[in-house]
Amino acid sequence: MYIAKTASLRSLDLSRQVGAAIFSTDGEVLTLGCNEVPKAGGGTYWHNDDLDARDYELEGDENERIKRAIFADVVRRLDKVELIKTSDDRGIDEIIKFVVAETSIKGSPLKEAQIMDLLEFGRIIHAEMSAITDAARLGKSIKGSTLYCTTFPCHMCAKHIVSAGIKRVLYIEPYPKSYAEQLHPDSISVDLNERHEKRVHFSPFIGISPVRFRYLFERGRRKDQDGHFSEWFEGIPKPIMKYTVATYLQNEVAVSVIFDRTLKSEKVANFIKVKTSN
């Protein structure tokens, strides 16, 4: 997952950086991918290409523009069939302008509309698809492999993952816009308690966080001047990190207990204060 995270860092996508790494059954790296705009000849654009046509350079995301254009088209057609009534002082163009503006406001019902979840019109190739198509371009078989991805795959990537013969997917961040499970219940399993032999199993990653990996495992010299192994100079080896409890759930329970005690103490103090004043 550290390698997948590293792959994501070369992306200049305007939304988020996503990385993917495909590993063989023997634990060998087969291909890497990140979400970036593809270029003719294969692969994706780099900063030193003669032509750099990334969204970063074009200063816009076509997916966002087209989604709003679809919204505007729907409103205009509803007006044509007279399902929208406009007043004399508010024409359809003004309503469309208002609707498009609302799609950019956080918390707005239009911003949360399903149509705003559309992914199909982005120019970028997603990290998972990038890794899969690179394998095809380079002639590497990925059947039975494991794909590590920093984000849960979208429904477009999911069907490529299934078709490519990848056996397992591990991810960190969820992705609410993905309809992978709904569209491919016959081919994908996301239930941790369900292990279906003929389905691709999507699992949340459990292990060392990519952002902590280097901090925990990077070391200096482990031999003396004669080339012999040197014992850890700080005594018994132990993790180089501040450790609290095993999981955030335990932290939440502890904080809830403290909050409950504090709340009860405040109630008692306020009750005594009221009784005293009376």
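View 1. C154 is in no disulfide. C157 is buried at 1% relative accessible area, and C154 is buried at 3% (buried: under 20% relative accessible area, with a 1.4 Å probe and protein chains only). The model is predicted: local features need pLDDT of at least 70, side-chain atom pairs count only at pLDDT 80 or more, and totals for chains, interfaces and linings use all residues. Residues are numbered from 1 along each chain as its sequence is written, and side-chain values use heavy atoms, without hydrogens and water.

View 2. The order of the 6 strands is β2-β1-β3-β4-β6-β5, with mixed pairing. Strands are DSSP runs of E with at least two residues, and helices are runs of H or I with at least four, numbered from the N terminus; two strands pair if DSSP finds at least two bridges between them. β2 (29-34) and β5 (188-189) each have a single partner strand, so one side of each lacks a neighbour in the sheet.

**View 3. S189 in strand β5.** S189 lies in β5, which pairs with β6 (residues 200-204) in the parallel sense over 2 bridges. S189 is buried, at 2% relative accessible area. Beyond four places in sequence, its contacts (heavy atoms within 4.5 Å) are E194, R199, V200, H201 and F202.

Methods. Buried means under 20% relative accessible area, exposed over 50%, partly exposed in between (1.4 Å probe, protein chains only). A disulfide is a pair of cysteine sulfur atoms within 2.5 Å.
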